[in-house]
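Have the model open while you read.

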Amino acid sequence: MSEHQNAERIKNLSHQQGGSLFGAADLRSFKKEEMLLPPSLLDRLPYAISVGYHLSDAILEEIENQPTPLYFHHYQRVNILLDTIGLIVTSTIQDLGYQAMPIPASQLVDWKNQRGHLSHKHVARAAGVGWIGRNNLLVNQRFGSRIRLITILTDLPLKIDSPSLNHCGTCHHCLSVCPAGAIKERQEDFDHLRCYEQLRTFAKTLHFSHNICGVCVKACRGTKTA
Ligand code: B12
Ligand code: SF4
Ligand code: SF4
């Protein structure tokens, strides 16, 4: 099969399983030290499939200044669904005679620096799924930041997508809603520590076992916000 046919096949499969967004990137342009994976692995599996799940707008609409129990449950179930999509894509690619490795939707491997194996946002940006917004999240033109992401590494030849050229433009909708004041004019100035402390406070006071918030996720509806 051609690269185009391979990409279409995996895209349709992801869609059938509940994925709303799909893109493919070539990770050979990424700096290996940006990923907490063995460099030899990236030589063997140079392509990345990015899949996005469109979160429930109805659940997000119920969030005011803090996460809700419904959002917490949704967050957990969507992580499981994305991990499941990763497994199904992996078995399909293996049946085609190639290799694949799903990267967990939400797992830390470096607690001190709060890092996973790789950044799903950076992969999604390279795969044309969206841009990194002022809120430090991946913003898709259609769904804004109301998405969660998964990455599958593979050696299956795929038609590679181009990075999105979109950006936040004049929109500043997320700046005023952040309870921690972590979101700034420039994404580079995003205050990771303030955000992190706010999420820890939410977890303690609202009794959630994970660091979640959702306020800036709700605020961003991409071009619909702007
Ligand atoms: C760890 C983590 C967090 C940590 C820290 C995030 C961070 N790195 O800044 C905390 C708990 C604070 C967090 C918060 C949130 N997260 Co989070 N998180 C992750 C996770 C598991 C790993 C991120 C990672 O490894 N990045 C790789 C590094 C290299 O990239 P980076 O983030 O740019 O690196 C910076 C940090 O490491 C930071 N840093 C360095 N030292 C330290 C020390 C501390 C204490 C902190 C906080 C940061 C920090 O500096 C680096 C350079 O800027 C990813 C899943 C994944 N594997 O991608 C989800 C992920 C990024 N999170 C996500 C979401 C949605 C959230 C929240 C909205 C929480 C929620 N679900 O309600 C908030 C949003 C905060 C924001 N506006 O950016 C989604 C983003 C989806 C999207 N549309 O973009 C992801 C992709 C999960 C997923 N599967 O979809 N998250
Ligand atoms: S997750 Fe919450 S605290 Fe962190 S930037 Fe978004 S709105 Fe602010
Ligand atoms: S709400 Fe507006 S400024 Fe904030 S990330 Fe989304 S598009 Fe960018």
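A disulfide here is a pair of cysteine sulfur atoms within 2.5 Å. Keep in mind that this is a predicted model. With that cut-off, searching the whole structure turns up zero disulfides. As for individual cysteines, C171 is buried because its relative accessible area, 18%, is under 20%. C178 counts as buried too, at 19% relative accessibility.

C178 also brings us to ligand 2. Its surroundings are C178, P179, A180, I183, F190, C195, Q198, L199, C213, V215 and C216. What classes of residue make up the shell around ligand 2? Ten are nonpolar, one is polar and none is charged. Helices α7 (192-206) and α8 (215-219) each put at least two residues into that shell, and α7 gives the largest share, with three.

Now the rings. The structure has two aromatic pairs, and here's how they look:

| Pair | Centre to centre | Angle between planes | Geometry |
|---|---|---|---|
| F72 and Y75 | 6.4 Å | 20° | stacked |
| F72 and F208 | 4.8 Å | 40° | tilted |

F72 and Y75 sit three residues apart in helix α4 (residues 69-95), which is about one turn of the helix. Both of them are buried. Why does the pair of F72 and F208 tie together parts that are 136 residues apart in sequence? Because F72 lies in helix α4, while F208 lies in the loop between α7 and α8. F72 has a relative accessible area of 13% and is buried; F208, at 11%, is buried as well. Put together, F72, Y75 and F208 make one aromatic cluster.

How values were computed. Residues numbered from 1 in each chain as written. Chains lettered and ligands numbered in written order. Predicted model: local features only at pLDDT ≥ 70, side-chain atom pairs only at ≥ 80, totals over all residues. Heavy atoms only, no water. Near = heavy atom within 4 Å. Helix = DSSP H or I, 4+ residues; strand = E, 2+ residues; numbered from the N terminus. Nonpolar A, V, L, I, M, F, W, Y, C, P; charged D, E, K, R; others polar. Buried < 20%, exposed > 50% of the residue type's maximum accessible area, 1.4 Å probe, protein only. Phe/Tyr/Trp six-rings, centres within 6.5 Å; stacked < 30°, edge-to-face > 60°.
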